[in-house]
Amino acid sequence: MGFRLPQIASTKTPDIPKGYFAVYVGESQKKRFVVPISYLNQPLFQDLLSQAEEEFGYHHPMGGITIPCSEDTFIDLTSCLSV
């Protein structure tokens, strides 16, 4: 069963629309999400970025920020941000 949230989109294409950036989320297999840059101002998202910095530093070989949480947790959190 699949669904699509209005503010975030999972994508396999390398194109990122203006005003968005890519993040990779997941524990064993990473899934790419394109999220609005406005999330950078949100304290909940800033906490995720701090966790990413602690775990990965500033080296993200996949080309986007790798967030160390499960896909379900990320979707739940971003659902709260897009309300």
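This is a predicted model: local features need pLDDT of at least 70, side-chain atom pairs count only at pLDDT 80 or more; totals for chains, interfaces and linings use all residues.
Residues are numbered from 1 along each chain as its sequence is written, and side-chain values use heavy atoms, without hydrogens or water. Local features need pLDDT of at least 70, side-chain atom pairs count only at pLDDT 80 or more, and totals for chains, interfaces and linings use all residues.

Helix 2 spans residues 71-81, and its buried residues are Phe 74, Ile 75, Leu 77, Thr 78 and Leu 81 (buried means under 20% relative accessible area and exposed over 50%, with a 1.4 Å probe and protein chains only). Viewed down the helix axis, these buried residues fall within an arc of 165°, so they line one face of helix 2. On the other side of helix 2 sit the exposed Asp 72, Asp 76 and Cys 80. The buried residues pack against strand 2 (20-25), strand 3 (31-36) and helix 1 (43-56), where contact means heavy atoms within 4.5 Å.

Turning to the helix pair, helix 1 and helix 2 pack at an angle of about 150°, with their axes 9 Å apart. This makes helix 1 roughly antiparallel to helix 2 (the term applies to angles over 145 degrees). Leu 44, Phe 45 and Leu 48 of helix 1 meet Phe 74, Leu 77 and Leu 81 of helix 2 in this contact.

The largest nonpolar core has 14 residues, of which Val 23, Val 35, Phe 45 and Phe 74 touch the most other members (such a core is a set of buried Ala, Val, Leu, Ile, Met, Phe, Trp, Tyr and Cys residues joined through side-chain atoms within 4.5 Å). Helix 2 supplies the largest share of this core, 4 residues.

Notes
Helices (H or I, at least four residues) and strands (E, at least two) are DSSP runs, numbered from the N terminus. The arc is that of the directions from the helix axis to the C-beta atoms. Axes are lines fitted to C-alpha atoms, for helices over the stretch in contact, and angles run from 0 to 180 degrees between N-to-C directions. Angles under 35 degrees count as roughly parallel, over 145 as roughly antiparallel, 65 to 115 as roughly perpendicular and the rest as oblique.
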